[in-house]
Amino acid sequence: MVVTSSTKFSEDYDRASELKAFDESKEGVKGLVDAGVSKVPRMFIRPPENSRNCNTQFKFPKIVEMVREASETWGFFTVVNHGIPVSVLEEMIDGVHRFYEQDNEVKKEFYTLDLTRKVIYNSNFDLYVSKAANWRDTFIALWLPILLTYKSCQRHAGIDILMEYKEQVMRLGLKLLELMSEAIGLNPNHLKDMDCAEGLAILCHYYPACPQPELTMGTTKHSDNDFLTILLQDQIGGLQPGALVINVGDLLQLITNDRFKSVEHRVLANRRGPRVSVACLFTEELEKGKDTCIQREAQRDTRYKLEGPAVTSDSLVDFIHFLLISTELSLNKMVITSISHEFPEDYDRASELKAFDESKTGVKGLVDAGVSKVPRMFIQPPDNLRTYTTQFNFPVVDLQGMDNDPIRRNKIVDMVRDASETWGFFNVVNHGIPVSVLEEMMEGVRRFYEQDTEVKKQFYTRDASRKKMVYNSNFDLYTAPAANWRDTFYCLMAPHPPNPEELPAACRDILMEYKDQVMRLGFKLFELISEALGLNPNHLKDMDCAEGLSILCHYYPSCPQPELTMGTTKHADNDFLTVLLQDQIGGLQVLHQGQWIDVPPMPGALVINVGDLLQLITNDRFKSVEHRVLANHIGPRVSVACFFSTSIQPSSKLYGPIKELLSEENPPKYRETTVGDYVAYFNSKGLDGTSALPHFRL
């Protein structure tokens with residue numbers, strides 16, 4: 001949950017003039033960024049209910065109530081306006097970068113697996129007991145229980161900011177423990193008096209770019225072995241700038257008798273990197289032989305009914321040590337039933353671990369050395385990989401064998417049917433378009449946007465009927481409640497393809513090639529969808545659903561205030577079917593069961609989604625689902641959306657619910673319409689967060 005204060009503007013704001021000046025510049029959002037804009041102009045700022053900080057399902061009048069609700073249900077929440085200056089957060093992240101990116105010989109002085117030291121640098125503390133190593137390096141600074149001295153780590157490249165950040169986080173931690181005490185109906189000082197904030201460990205993680213992120217993890221599934229964690233992460237993870245992530249630890253769940261939840265979490269490996277995070281773990285003094293406040297509290301307060309013997313300091317030490325290794329040790333009991341990568345039977349894991357450990361250069365050392373494949377020691381059991389989320393498995397359809405294996409084709413049809421009925425979205429792999437073509441298409445889009453502005457301006461227009469290639473920023477600029485942080489050019493590629501000379505030289509050849517590739521894939525997808533509806537494979541093609549194709553090339557520049565705007569607001573697509581190519585930055589979200597779900601970028605994959613017109617002709621059997629794109633400090637993000645539709649091109653053909661799908665129990669729900677009329681209504685309405693389909697209901 002995030003609480004933000006409203007942004008104030010002058011009452012004499014002239015929106016029309018701002019829109020006009022922006023449009024007449026013909027430079028788009030990228031022009032603003034190139035000019036060094038440091039604040040989002042008013043025209044882009046969304047109403048609070050549309051921004052990323054709002055969640056209509058979770059609104060509470062008081063901070064304590066919000067903390068209580070989040071701690072009981074999620075175990076995680078985000079805090080803003082927390083009092084730690086953004087400059088300190090940024091310098092802390094930079095300090096971590098400096099440490100890891102300094103000379104290896106300097107870093108090696110800190111390398112150790114001896115957890116009794118107060119400054120520890122290594123890669124995978126559980127290296128020799130875990131089933132698979134994590135693609136991550138870590139250094140730890142311990143304030144447990146004696147204050148870490150400047151001298152003990154004075155050669156550390158980030159020591160000054162580390163000492164400053166510790167002070168800032170300690171102050172914030174005391175405030176949070178006050179709120180949590182009140183949230184469970186206790187005196188504000190209760191948890192502080194229990195010494196829950198007496199100790200602090202700062203873990204600085206460094207996740208280098210990974211050449212095969214689908215095979216390993218940044219951090220495997222675990223929960224934290226402390227009372228409370230405060231996490232600072234960079235923008236690769238997509239967190240709101242200036243925000244911190246707070247999560248309940250195992251010990252807080254223990255002393256609240258399961259009222260507050262310590263929730264499992266993990267970090268995915270990523271082709272982009274390095275990713276940096278700083279986790280501050282609040283825990284108690286671990287001095288052997290000393291009775292703890294937890295024990296005393298259990299004895300004097302019946303509120304805490306702990307099963308078994310009283311918790312002593314010795315057992316607390318053992319508990320924390322157990323938590324350090326239990327998650328990874330449990331993997332040793334797992335049996336890997338299937339994995340798509342083969343290894344020699346004489347694989348010597350111990351030697352690989354030893355060689356890696358003795359290098360003292362960590363995962364970053366592998367990347368610096370030019371590793372092109374993930375070493376065996378990092379490869380995770382299938383159940384731990386990124387194809388899963390904690391709540392939802394985003395559908396992935398493998399098209400391998402669809403043309404020559406009838407049994408396999410039937411399974412693919414079943415998967416397409418299920419995804420189209422429940423999600424309206426799915427990823428496809430083994431789709432037949434070479435990765436080289438996908439990559440060149442992305443590069444072509446970047447070349448167009450990053451060429452000289454005067455060249456681009458030749459294509460800038462709002463007259464969609466004038467050209468087959470249109471470049472502008474926000475087609476609904478003058479009607480939308482707020483502009484999106486996005487530039488777009490689109491090309492009408494079928495049924496009447498443009499002359500190559502009508503297309504920009506920067507991406508002319510690849511646009512023509514990509515059009516041909518996507519048209520072939522679209523025909524295959526329409527066959528599968530026809531079969532999924534119980535129709536002849538050619539049914540939708542014979543209806544001319546694949547006759548038209550528009551290619552929309554989006555460019556989302558980095559945004560200085562992504563919490564205030566959107567890359568693309570909530571909408572559904574006004575076509576039959578969309579084939580989306582996106583880069584690895586991510587940001588696309590789908591509304592599924594009332595929640596915004598990230599669509600994970602998969603190298604080589606394409607995202608397929610049902611459009612409004614397909615929902616209309618299937619009489620609501622297949623779902624056109626709302627989706628959006630978040631603005632991001634990281635950028636530019638690039639995507640290429642291919643819309644199967646004749647769009648605004650003249651056609652008198654009427655589309656209504658397919659007669660073969662109708663019955664007395666399933667009468668038509670929509671009136672017939674032309675594609676042009678539907679698209680015209682959609683465009684006149686703009687991306688206002690509402691669907692165009694109700695306008696055509698009977």
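**Figure 1. Aromatic pairs across the predicted model.** A search of the whole structure finds 21 aromatic pairs, where rings of Phe, Tyr and Trp (its six-membered ring) pair if their centres lie within 6.5 Å, and planes under 30 degrees apart count as stacked, over 60 as edge-to-face and the rest as tilted. This is a predicted model, in which local features need pLDDT of at least 70 and side-chain atom pairs count only at pLDDT 80 or more, while totals for chains, interfaces and linings use all residues. Residues are numbered from 1 along each chain as its sequence is written, and side-chain values use heavy atoms, with hydrogens and water left out.

**Figure 2. The stacked pair of Y449 and Y555.** The ring centres of Y449 and Y555 are 4.6 Å apart, with 25° between the planes. Because Y449 lies in helix α14 (residues 435–449) and Y555 in strand β14 (residues 549–556), the pair ties together parts that are 106 residues apart in sequence; helices (H or I, at least four residues) and strands (E, at least two) are DSSP runs, numbered from the N terminus. Y449 is buried at a relative accessible area of 0%, and Y555 is also buried, at 4%, where buried means under 20% relative accessible area, exposed over 50% and partly exposed in between (1.4 Å probe, protein chains only).

**Figure 3. The edge-to-face pair of F526 and F644.** These two rings lie 5.6 Å centre to centre, with 85° between the planes. The pair links distant parts of the chain, 118 residues apart, with F526 in helix α16 (residues 508–532) and F644 in strand β21 (residues 637–644). F526 is buried, with a relative accessible area of 0%, and F644 is buried at 0%.
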